[in-house]
Structures are given as structure tokens and as C-alpha cells.
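Okay, thanks for making time, everyone. I'd like to walk you through one model today, so let me put it up on the screen.

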Amino acid sequence: MNEIELGEVFAAAGVEGWLHAVDIDGGRECGYQPDATRPIASVFKVPLLVELCRQADAGRVDLAERVLVPVAGRTSGPTGLSAMRDEVSISLRDLAYLMIAVSDNASADVLVERVGLEAVNAMLAGFGLDATRVTMNGATMLDSMAEDSGHAWPFQDVEELARMRALDPARTNRGTPRELTRLFAMIWRDEAASAELCGWMREVFALQVWPHRLAAGFPYDDVDVSGKTGTLPTIRNEAGVVEYPDGGRYAVAVFTRSFSPAVNQPRADAVIGTAAHMAVDHLRR
Amino acid sequence: MWISSLAMDLVRHLRYFTVVAEELHFGNAAIRLGMAQPPLSQRIKRLEEELGVRLFDRSARQVRLTEAGRLLLGEAREIVARVDRLRELARHGEGAVLKVGVPPDLAAAVIAALVAGFRESHPEVRLAPAEIWTADQVAALAGGTIDVGVVRHPVTAPGLYFGQTLVQPQGVLLAEGDELAQRAEVHLADLAGRELLMPPKEGEPGMHAEALAECRRRGYVPAQVHEGSGLGLVMAGAAVAFGPRQESPGLAWRPLIGSPLSYRISTAWRVASDTVADFSAAAVRTLKESAGMAEQSSAPVRRVSRRPGALA
């Protein structure tokens, strides 16, 4: 795998791409523009989950605590509580599960309220992840797009997209492929929180339902793919971990930006898996 | 005097800063700026000394913006854009040159009409047109090698401004002897089995992807897609191509049933100026009159399916 090959694979899918992959145990790594700061979209839910676990480890949060999530003021979205019609009583850890498994915005924002974005950023700074920052919750990210464009979804006007705060790496939730693989590697090595809660995080990431991005690149029954997607207009991301039956474990982050603002672009989704597979194959060679 | 030379120097350094911040790679930034890498690195260092903050973190193997750099980048861009505009205004009326990019497959007559249309209203500005594809125009606008472009959509590029979007319904160009030429209209699916000639994918990635998606959707999956803008392959009967209504010897143009393909085009610029705005307005007029383009509002708005997997 060389840079040109990856660039062509991304271009053939109609996207620009950024990638980093690392062997979690061996440390071998490869990348394609791996240190560029990009909008991470819903991948921000990963550092949020890590900080939630650290606060639970410190006894400041009880993951079994039940909270009441009313209908009014619930953050919108296509899945989870965001898509539900009625008041919900649910534990913090089940909110976390929904936030990761189906990228539920409403669950994420309840947890943001509880955990605090400052604490998330302090945790990232403490780990030396200096390019990764969470500046807005899900509601702010969505509201900013409506404010910046002056209308509701869909957002497909290229001029409006060029000016959206949610897509500007300087202002939105952001990170680099290399920093995201580092965070995932830390979760898989029990370094991001206690071993117990790192184990729980791995379970939750393995329950993520989307098959069309990272997982699409590894169509093998004996390979586990865990991760978290992130999507905004023109932005399709996924970061996660791929585990082979021989024990090989690889953290991979792939960020893309499509040339076309079309919402439904299966090729742009699938190239995330294709590029990840090329990178992991390279590390396993 | 020293104040003014320092200020000029600062603006130049800020320009270097914005380019390095965009590339996050000193080598690439140096290429874009047309200079060697060591002096570029030195100048960024001098700017950091002048401002008293570190703009880039070079400790890792690659370059990244520091928090301070991120904060200052917006302001730096603003300053650079304003100085560009100042220069533009100063040049205006003094034998100014407007560097314009146009797609190479735009008909020669249309390019001529574009130039003539603008010259009529701005005899004092020399128009320097260059034939370059959309993707290269985006890079040329970013690098300042052109002032304004005529680009095909969709193109998503942060920091670009676009003029009014015009649509151009596409028909199919066939060899005169093609049996389909006997029909008044052709369905995309009727093209099955024929190879397709398209502008280069690298140069027109957005249009390429949209057109081919539409072809597949309507049942036309070309066995091979040739890249180029000359119509020799079509004349030879080796491929078909899409294009606006035209009369060319050896070729037959037929409308596509249901108007499935419409190319969208607009002007694009990075630094606004009166000259750019005037060119933009003249281009809209000319493209409507001489290239059969219509305002976007006349194109049907497609609904967008809201699938959770495409949004989460």
C-alpha cells in the first residue's frame, strides 16, 4: 500500500480521504494525511464515553443511575431516543449504549450535560491528544447548520456548506486520524479508564449496528469490527478497531469528505472499509 | 518607511502562514507558494517570533496547528483577503488583468462570447482566460493563479464563493451512422452496450460521479468510460458522449427522454472584487444567451431520502 494507491481509491469513490492505522500491540503504523485536523462529527461520542467512564471510575458518576429524559428539548436525530415519541426513564450506561450503537444524539446530549465538555477536553489534553477537541454537543452542531444556512435539512447548497461552522475544523468537533486511533488503542489496552470499564466500552463499540463503512471492508465471519461512525454534510468518518482470529488487533480511523453533497453515497461509505482493509493488510504483511 | 515595509512583510508572512495551515505540510505549501522549503520554514519561525506564539507543532512527524495557530488563522485569512482586495482595487482601471479559468470542453464560441461580453462592459480590464477543469480551478483559486473560475457542480471546497448556478440539459452525441440517430429522442437505457466518453474524472470528479450514478440508475452501465474532451471517438462510432444541443458534421445530437442529465455550472472565486462580480454577472448573461443554460430554479428539486444509516 502506498500513498498514491490510497489516494486513487479515495478519488474513485468521489471523496478526499484521511487515514491512520496502528497495530495496537506491535506499534507498527501507516497513514494517509494522518495528522490533518478534520471535523469528526459523531465520533466526538468516543471521547465523551471515555470521560464518562473516567468519572464513573472516580466515583463521581453512577452508571446505573436512572434519568428521566422528557420529550421537550430532546436533541433531534434519526435514531434512538431522538426518534422516539415518549418520555423515557433510562440508566446512564444505557444512554451510552444508544449513543454508540446507533449514534443517538439525544442520549449523547444528556450525557454531555452530565459529564461536561470541559471535562472531556481536559481528559484529551491529559492524554496529550492536543488536536482533538469537543466544542459542541449534538444539538449545537445541528442547530448551527440550520443557523448558517437559514433553513432546515437537507443541506446540499455548496456555498452554504463552504461556510458552515459544523464543517470548519477550526470551530467544530475535531480530531486527527492518528489521535483517534491512539484513543481507541488506549481503550483496547485498558489504558483509557479502569480495565473493567475499558472492557465495557469495547462491548459497546462491538454493538455498533452500522455495516456499511469500516465493517464493509472486512467481510469475514471470524473478524470483529468495532467502531463509531460520524456523519455531517459531505463528511463520512469511522474510527474503531479490527480484531483478527490470530490475535492481531488494529485501531483504524478513516475520515472522508465527498466532492458531491449528495446524502446517499454508498461508495463513499464503503471506501472507508476498503481503505481500512488496505491499511490493515499492509500492517499484517 | 520601516513601518510600511514591516507591514508588507507581515502580510506576506501571514499569507505563508495561511497556506501552510491549509496544507499542514511545509513541502506542499512551498510548492504552492512557488518557493523552496527552507526559506518558508524560516519565515514561519520569524512570524512566530514576531507574534510571540507558536503557530505550528512540528514535534510530531507531521505539522499541526497549535491552539494559538488555530485562533489566529481566521484573522490571518481575513487580513490577507483584505490586502488582496486593496491591491485589486488599486489595480482597477490601470490596465488590470483578470485571470479566468474555464472548462476546456466549453464550446469555443461560448468562450469567445464570454470574453466579448465582459470586454464590452470593461474595456480597461484585460481578460486572461485559461482552459482548466473544475478540480484544477479550485486549486488555482486557492493558490491565486486565477481570480475567478467557471466551474461545474457539485464542487465542495471550503472558502469558495459561487455565482448564480445555471443548468444545462444534456442530450447524447452519437455517430451519424448510429442506428439510434434515427430516433427523435433516446432513453439512457438505449445506450446499453455503447462505451462512453466523459471529461476526465480527476478534473471533474463531482460531475463525473453524478452523471455516472444517473446512467446506472436509468439502466445504462457503460462497459468502458473514456476520458477526454475531443469528440473523435464519438465520430468514429467507438463511444457516445453527453452534451448540449449542437450541430457538428459527422455527429447526431438527440435529446434524452425525461431529461435525466443536467450539468450545473457557476462562477467561483475566493477573493471578492468589483471586477470579479462584474465578470460573474457577464458570464451568467453570456452562458444563458449563447450556451443554452437556464437558471437553476427551472431544474426540478430532487427529494432527499432520509435513511438513518446515511446520517448517523
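**A helix, a strand and a sheet**

Let's start in chain B, with helix α6 (residues 134–143), where Thr134(B), Gln137(B), Val138(B), Ala140(B) and Leu141(B) are buried. Buried here means under 20% relative accessible area, with exposed over 50% and partly exposed in between, using a 1.4 Å probe and protein chains only. Those five cover an arc of only 165° around the axis, which puts them on the same side of α6(B). The arc is taken from the directions from the helix axis to the C-beta atoms. For background, an α-helix has 3.6 residues a turn, so residues three or four places apart point the same way.

Quick housekeeping: this is a predicted model, where local features need pLDDT of at least 70, side-chain atom pairs count only at pLDDT 80 or more, and totals for chains, interfaces and linings use all residues. Residues are numbered from 1 along each chain as its sequence is written, chains are lettered from A and ligands numbered from 1 in the order in which they are written, and side-chain values use heavy atoms, with hydrogens and water left out. Helices (H or I, at least four residues) and strands (E, at least two) are DSSP runs, numbered from the N terminus.

So what covers the buried residues of α6(B)? The cover includes β3 (97–102), β5 (148–153) and β13 (262–269) of chain B, with contact meaning heavy atoms within 4.5 Å.

Now β5(B) itself. Six of its six residues are buried, so β5(B) is largely enclosed by the rest of the structure. Val148(B), Val150(B) and Arg152(B) sit on one side, Gly149(B), Val151(B) and His153(B) on the other, and both faces are covered. β5(B) runs parallel to β3(B), joined by two bridges, and Gly149(B) is the partner of Gly101(B). With β13(B) the direction is antiparallel and there are six bridges; there, Val148(B) partners Trp269(B). Two strands pair if DSSP finds at least two bridges between them.

One more stop in chain B: Glu214(B), in helix α7 (residues 205–217). Buried or exposed? Glu214(B) is buried, at a relative accessible area of 8%. Leaving aside residues up to four places away in sequence, Glu214(B) touches Leu188(B), Pro260(B), Leu261(B) and Arg302(B).

Over to chain A, which has an open five-stranded sheet with antiparallel pairing, in the order β2-β1-β9-β8-β7. β2 (29–32) and β7 (224–232) of chain A are at the edges with a single partner strand each, so one side of each is left without a neighbour in the sheet. Neighbouring strands are turned by 10° against each other on average, direction ignored. Four bridges link β1 (residues 15–23) of chain A to β2(A), including the one between Leu19(A) and Tyr32(A).

Helix α9(A) lies across β1, β2, β7, β8 and β9 of chain A, at about 150° to β9(A). Axes are lines fitted to C-alpha atoms, for helices over the stretch in contact, and angles run from 0 to 180 degrees between N-to-C directions.

Finally, helix α2 (residues 45–57) of chain A packs with α9 (residues 177–188) of chain A at about 35°, axes 11 Å apart. The contact is made by Val46(A), Pro47(A) and Val50(A) from α2(A), and Leu183(A), Phe184(A) and Ile187(A) from α9(A).

That's my tour, thanks.
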